[in-house]
Amino acid sequence: MMYPDMAGSKGAAETSADAAQVIDCARMQRLVLGAIRLAKGAGRTAEEVASVLNVPRVTAQPRTSELKAKGLIFDSGIRRTNRSSGKRAVVWVAREFRQ
């Protein structure tokens with residue numbers, strides 16, 4: 001299996017590769033997609049998904065990239081401010097709610 005069906009890692013750092021191997025990618029992708037689908041057309045940011053699932057943002061964020069690569073979620077064009085950073089974030093919408 002390869003990205004986006006399994007977690008990837010950046011660079012040659014062995015800690016990144018080790019973390020990628022531990023992630024149950026398919027399960028987390030299903031959970032993240034479910035959280036985004038529940039929001040319907042309003043969508044969710046990665047931080048909002050993390051909050052709903054009670055997981056760290058660093059667990060949810062990569063799954064949005066994988067789901068986007070699979071064509072299951074799309075950038076809605078909307079941005080919302082993350083509570084943690086105050087920065088604007090992409091609002092992801094499931095394919096079936098894309099306008």
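User: Which residue forms a salt bridge with Arg-63?

Analyst: This is a predicted model, where local features need pLDDT of at least 70, side-chain atom pairs count only at pLDDT 80 or more, and totals for chains, interfaces and linings use all residues. Residues are numbered from 1 along each chain as its sequence is written, and side-chain values use heavy atoms, with hydrogens and water left out. A salt bridge here means a side-chain nitrogen of Lys or Arg within 4 Å of a carboxyl oxygen of Asp or Glu. For Arg-63, the closest N and O atoms are 2.7 Å apart, and the partner is Glu-66.

User: Are Arg-63 and Glu-66 buried or exposed?

Analyst: Buried means under 20% relative accessible area, exposed means over 50%, and partly exposed is in between (1.4 Å probe, protein chains only). Going by that, both Arg-63 and Glu-66 are buried.

User: Where do Glu-96 and Arg-37 sit in the chain?

Analyst: These two form a salt bridge, with their closest N and O atoms 2.7 Å apart. The pair links distant parts of the chain, 59 residues apart: Glu-96 is in the segment after strand 2 (88-94), and Arg-37 is in helix 2 (residues 25-38). Helices (H or I, at least four residues) and strands (E, at least two) are DSSP runs, numbered from the N terminus. So, the places to look are the segment after strand 2 for Glu-96 and helix 2 for Arg-37.

User: What is the relative accessible area of Asp-75?

Analyst: Asp-75 forms a salt bridge with Arg-79, their closest N and O atoms being 2.8 Å apart. Asp-75 counts as partly exposed, with a relative accessible area of 35%.
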